[in-house]
Amino acid sequence: MSRRLRITLLSVAGVALALVLAALVLTYVMLRPARFTETLRSAARNAGLELTLTAPARPTLWPRPGVQLQGLQVFAKNQADPILIADHGQIVVPWRALFGGPTAINKLELDSPRLDLDQLQYALNELPTKSTGQPSLPSIDAGVSIRNGTLVRDNSVLLQDVSLQTGALSSGRTFSLNASGQSASGKNLRLTLMFTPLETARGAIELKDLKLSGYGGKDSRIQLAGNATWLGGPKLAIALHGEMAVKGSDSYRIDVGSDTPDARLGGRLHVKLEGPKTSADLHLSPLELAAWWKRIAGDHAPGPLPPPPIDGTVDADALTFGDVQIKGLKLRSGSALPAAASSAAQAEQNEVK
């Protein structure tokens with residue numbers, strides 16, 4: 001290789017390196033990552049949350065302009081344990097943001113986050129209200145994208161390989177959520193949710209045209225539609241109707257409503273089920289029932305089985321829960337107990353005391 005050619009190649013390489021460095025500096029100056037992370041923190045604060053990063057955000061230009069996040073954590077206020085942890089994430093911004101455009105966020109993308117269901121429930125129960133005591137709709141100006149996430153409760157993995165896609169959340173605009181994951185037993189699960197939030201004159205937020213669809217494997221599904229009303233803080237009233245099938249069984253009509261008009265998020269529900277071989281009319285808390293079933297399935301100490309935390313009746317030829325099948329089930333619990341049986345149970349309880 002001649003000396004002149006070497007000099008030419010070195011010159012070209014030097015110019016290319018200078019252009020790359022200039023582009024990086026220009027991207028940093030024009031994007032100003034801090035303004036986007038502050039926008040994200042402000043949105044979190046409006047929802048009653050705190051967002052932290054373990055390192056300053058960095059700008060990126062390829063394949064889309066955005067801001068890279070490292071060590072992202074989201075906390076409910078006054079809580080030491082995070083709701084969400086993600087080692088890596090990215091804020092995707094519009095191209096116009098490079099040229100002095102508004103501080104807009106197109107999408108928040110998170111890779112391999114860990115979501116704590118206990119902390120999430122606490123945050124939902126502490127959702128902020130306006131100074132008037134009326135509910136305040138948390139605003140999500142950008143969509144959220146999650147890949148390869150993990151959902152945990154009590155430090156146990158409930159779902160893995162979780163993916164989630166949402167649209168923006170604002171009054172009068174249809175909100176959509178699509179999620180999928182794999183249960184601890186290896187079953188593939190899918191969930192879709194759609195509704196339109198509307199702020200009403202009486203100070204509540206109505207979730208109009210709510211549609212919920214869930215699929216477990218190839219032969220289990222639930223589809224519900226109806227409306228809900230957020231009354232502020234943890235109070236949510238719902239009225240949903242639809243169909244359910246488990247392990248390819250016949251379809252069952254299902255109605256789900258709030259146990260009281262101002263039921264708390266995660267609180268008691270009134271569930272009615274009607275099908276060819278099964279009928280049920282129950283008042284129950286899904287969270288309490290899940291904890292009871294977990295205890296029965298694997299964590300139950302020797303001795304009598306604890307009664308299920310439900311109030312109502314069940315008549316079923318057969319019910320299947322995971323690998324457990326119950327045949328010829330007739331259940332009367334709580335206020336559905338006959339008077340004589342209820343008195344006998346109370347007498348036995350007093351005698352134990």
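Hi everyone, let me start with contacts: in this protein chain, residues 24 or more positions apart account for 45% of the contacts with a separation of 6 or more. Please keep in mind that we are looking at a predicted model.

The protein chain has 353 residues, and 35% of them count as buried. Its secondary structure comes to five helices and 18 strands. As for the surface, the chain exposes about 20,600 Å², with carbon and sulfur atoms supplying 58% of that area.

On to the aromatic side chains. How many aromatic pairs does a search of the whole structure find? The search turns up one. The partners are Phe175 and Phe195, with 5.3 Å centre to centre and 40 degrees between the planes, which makes the pair tilted. If you look at where the partners sit, Phe175 belongs to strand β9, residues 175–183, and Phe195 to strand β10, residues 188–199, so the pair ties together parts that are 20 residues apart in sequence.

The charged end of Arg190 sits over the ring of Tyr215, at 4.5 Å from the ring centre.

Let's turn to helix α3, which covers residues 117–125. Which of its residues are buried? They are Gln119, Ala123 and Asn125. These residues cover an arc of only 160 degrees around the axis, which puts them on the same side of α3. For those of you who like the general rule, an α-helix has 3.6 residues a turn, so residues three or four places apart point the same way. And what covers the buried residues of α3? The cover includes β1 (49–52), β3 (66–76) and β6 (114–116).

Do have a look at the start of α3 as well. There, Asp116 brings a side-chain oxygen to within 2.9 Å of the backbone nitrogen of Asp118.

My last stop is a proline. Where is Pro56? You will find Pro56 in the loop between β1 and β2, the latter being residues 58–60. With a relative accessibility of 69%, Pro56 counts as exposed, because the cut-off for exposed is over 50%.

Definitions and conventions: Residues numbered from 1 in each chain as written. Predicted model: local features only at pLDDT ≥ 70, side-chain atom pairs only at ≥ 80, totals over all residues. Heavy atoms only, no water. Helix = DSSP H or I, 4+ residues; strand = E, 2+ residues; numbered from the N terminus. Buried < 20%, exposed > 50% of the residue type's maximum accessible area, 1.4 Å probe, protein only. Contact = heavy atoms within 4.5 Å. Areas by Shrake-Rupley, 256 points an atom, 1.4 Å probe, with all protein chains shown as cover. Phe/Tyr/Trp six-rings, centres within 6.5 Å; stacked < 30°, edge-to-face > 60°. Lys NZ or Arg CZ within 6 Å of the ring centre and 35° of its normal. Arc of directions from axis to C-beta. Polar contact = N/O pair within 3.5 Å; in protein donor to acceptor, adjacent residues only side chain to side chain.
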